[in-house]
Amino acid sequence: MKIRTYKQTKKERERYSIIYQDLTKCAKCPSTELADKNEVFEGAKRNASIKHGFIIPLCTKCHKKFHNNRDFALIIKRQFQEEFEKTHTREEFLSIIHRNYL
């Protein structure tokens with residue numbers, strides 16, 4: 001298991017979303033389960049997601065769906081790209097994520 005540094009832990013604690021204000025409720029279903037903050041662009045783009053607010057609160061069920069259902073994940077990624085491009089250019093998005101989802 002990878003050990004997290006203080007710097008990484010602090011980044012994770014201070015996560016915010018450019019779309020969702022309440023990060024304690026699932027964004028995709030009416031679940032009453034406490035939602036976790038999840039990075040929309042995972043893997044190598046995880047830190048970019050944290051830095052730019054590509055964070056979505058998901059319950060356990062929706063989080064599994066995000067990872068197992070490509071169409072569901074694509075809808076969310078498109079939503080975040082569209083929101084980002086309201087205040088930035090597509091070229092800026094591509095320089096951060098290196099992929100166009102629209």
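This talk describes the fold of one protein chain and then a few of its residues.

The model is a predicted one, so local features are reported only at a pLDDT of at least 70 and side-chain atom pairs only at pLDDT 80 or more, while totals for chains, interfaces and linings use all residues. Residues are numbered from 1 along each chain as its sequence is written, and side-chain values use heavy atoms, with hydrogens and water left out.

Let me start with the overall architecture. The protein chain has 5 helices and 2 strands, and along the sequence they follow the pattern α-β-α-β-α-α-α. Helices (H or I, at least four residues) and strands (E, at least two) are DSSP runs, numbered from the N terminus. Of the 102 residues in the chain, 35% are buried. Here buried means under 20% relative accessible area, exposed means over 50%, and partly exposed lies in between, with a 1.4 Å probe and protein chains only. The chain exposes about 6,900 Å², and carbon and sulfur atoms supply 51% of that area. These areas come from the Shrake-Rupley method with a 1.4 Å probe; for residues, only the protein chains shown count as cover. Among contacts between residues at least 6 apart in sequence, 57% join residues at least 24 apart, a contact being heavy atoms within 4.5 Å.

I turn now to the strands. Strand β1, residues 36-39, pairs with β2 in the antiparallel sense over 4 bridges; two strands pair if DSSP finds at least two bridges between them. Within this pairing, K37 stands opposite P57 in β2. Strand β2, residues 55-58, is covered on both faces: I55 and P57 are buried on one side, and I56 and L58 are buried on the other.

Which residues does E39 contact beyond its neighbours within four places in sequence? They are R15, R46, S49, I50, F54, I55 and F66. E39 lies in strand β1 and counts as buried because its relative accessibility is 12%. Its side chain makes a polar contact of 2.8 Å with that of R15 and another, of 3.5 Å, with that of R46. A polar contact is a pair of N or O atoms within 3.5 Å; within protein, one must be able to donate a hydrogen and the other to accept it, and residues adjacent in sequence count only if both atoms are side-chain atoms. The C-alpha atoms of E39 and I56 are separated by 6.5 Å, although the two residues are 17 apart along the chain.

The cysteines deserve a word. A disulfide is a covalent bond between the sulfur atoms of two cysteines. With a disulfide taken as a pair of cysteine sulfur atoms within 2.5 Å, the count comes to 0. C29 counts as partly exposed because its relative accessibility is 23%, whereas C59, at 1%, counts as buried.

Next comes helix α4, residues 70-84. Its 15 residues should span 21 Å at 1.5 Å a residue, and the end C-alpha atoms are 21 Å apart, which agrees; the expected span is 1.5 Å times one less than the number of residues. N69 caps the N-terminal end of α4, with a side-chain oxygen 3.1 Å from the backbone nitrogen of D71. The buried residues of the helix are F72, A73, I76, K77, F80, Q81 and F84, and they pack against α2, β2, α3 and α5.

Finally, A27 lies in the loop between α1 and β1. At 27% relative accessibility, A27 counts as partly exposed. A27 touches Y20, I56 and P57, not counting residues up to four places away in sequence.
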